[in-house]
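Visitor: I would like to go through this structure and hear the grounds for each term used. Please show it to me.

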Amino acid sequence: MRDPAGSAHGEESFSPSPAPVIAGFDGSASSEHALAYAAGLARRLGTRLVVVYVRSTGTVMPTGFGALDVLPDDIADADLIGQVGDVLSCCVVQWELVERMGSPDRELLAVADELRADAVVVGRSASRLHRLVGSVAGRIVRRCDQPVVVVP
């Protein structure tokens, strides 16, 4: 038997969550996987996706000769937006890109708290050193008040 609202007795009706899903993105393969997972999660929850990119002081790229060049921020931003757009091109989800400067774990936690996120999704570190000294994902798992998903 259904009530006037259309839900069966004893069942809760589904309403989209206004709280977003947060995805940490740094351009790595694991962050691309995390971004795709977060987009699916946001779609299933009926909410928006907030992609967070945290930069330190400049964007550094290898030149191929053992030296590093610092890219102007507008070039780095265009590449980043293009890469996020490529990953999300097959997903039907509303998304926005938030850029911050500072420590990745602290900034992701700050955005999650500010927006009262439903969940935080990050990629697993590929560095063996991080398994010894701790990774961004590990620090987020330990300190986050929201559910955290770490994607390989």
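Guide: What follows is a set of questions about the sheet, the cores, the salt bridges and the helices, asked of a predicted model.

Visitor: What makes the strands an open sheet, and what is their order?

Guide: Five strands lie in the order 5-2-1-6-7, with parallel pairing. Strand 5 and strand 7 (148-151) are at the edges, and each has a single partner strand, so one side of each has no neighbour in the sheet. From one strand to the next, the twist averages 25°.

Visitor: How do you know that strand 6 and strand 7 pair?

Guide: Pairing requires at least two bridges between the strands. Strand 6 and strand 7 are joined by four bridges and run parallel, so they count as a pair. Within this region, Val122 stands opposite Val150 of strand 7.

Visitor: Which residues touch the most other members of the largest nonpolar core?

Guide: That core has 20 residues, and those with the most contacts to other members are Val21, Leu35, Leu49, Val51, Leu88 and Val121. Two or more residues each come from strand 1 (21-24), helix 1 (29-45), strand 2 (49-55), helix 2 (73-88) and strand 6 (119-123). Helix 1 gives the largest share, six residues.

Visitor: What is Val51 in contact with, beyond its neighbours within four places in sequence?

Guide: Val51 has Ala23, Phe25, Leu35, Val84, Leu88, Trp95, Glu96, Leu97 and Val98 as contacts. Another core lies apart from the largest one; it has 15 residues, among them Ala112, Val122, Ala137 and Ile140.

Visitor: Why is the pair of Glu96 and Arg48 called a salt bridge?

Guide: The cut-off is 4 Å between a side-chain nitrogen of Lys or Arg and a carboxyl oxygen of Asp or Glu. For Glu96 and Arg48 the closest N and O atoms are 3.1 Å apart, so the pair meets the cut-off. Glu96 is in strand 5 (residues 95-101) and Arg48 is in the loop between helix 1 and strand 2, so the bridge ties together parts 48 residues apart in sequence. A search of the whole structure finds six salt bridges.

Visitor: What makes Arg55 and Glu99 a salt bridge, and which parts does the pair tie together?

Guide: The closest N and O atoms of Arg55 and Glu99 are 2.5 Å apart, which is within 4 Å, so the pair qualifies. Arg55 belongs to strand 2 and Glu99 to strand 5, so parts 44 residues apart in sequence are tied together. Arg55, at 7% relative accessibility, counts as buried, while Glu99 is partly exposed at 32%.

Visitor: Why is Asp105 called buried?

Guide: Buried means under 20% relative accessible area. Asp105 is at 4%, so the term applies. The side chain of Asp105 meets that of Arg139 in a salt bridge, 3.1 Å from N to O. Asp105 lies in helix 3 (residues 104-115) and Arg139 in helix 5 (residues 136-143), so this pair ties together parts 34 residues apart in sequence. Arg139 is partly exposed, with 27%.

Visitor: How do you know that the span of helix 3 is close to the expected value?

Guide: Helix 3 has 12 residues and reaches 17 Å from its first C-alpha to its last, against 16 Å expected at 1.5 Å a residue. Its buried residues are Asp105, Glu107, Leu108, Leu109, Val111 and Ala112. The buried residues of helix 3 pack against strand 1, strand 2, strand 5, strand 6 and helix 5.

Visitor: What is noted about the phi of Arg116?

Guide: Most residues other than glycine have a negative phi. The phi of Arg116 is positive, near 50°, and this residue is not glycine. Arg116 sits in the loop between helix 3 and strand 6. Exposed means over 50%, and Arg116 is at 68% relative accessibility, so it counts as exposed.

Notes: Residues numbered from 1 in each chain as written. Predicted model: local features only at pLDDT ≥ 70, side-chain atom pairs only at ≥ 80, totals over all residues. Heavy atoms only, no water. Core = buried A, V, L, I, M, F, W, Y, C linked by side-chain atoms within 4.5 Å. Buried < 20%, exposed > 50% of the residue type's maximum accessible area, 1.4 Å probe, protein only. Contact = heavy atoms within 4.5 Å. Expected span 1.5 Å × (residues − 1). Axes fitted to C-alpha atoms, helices over the stretch in contact; angles between N-to-C directions.
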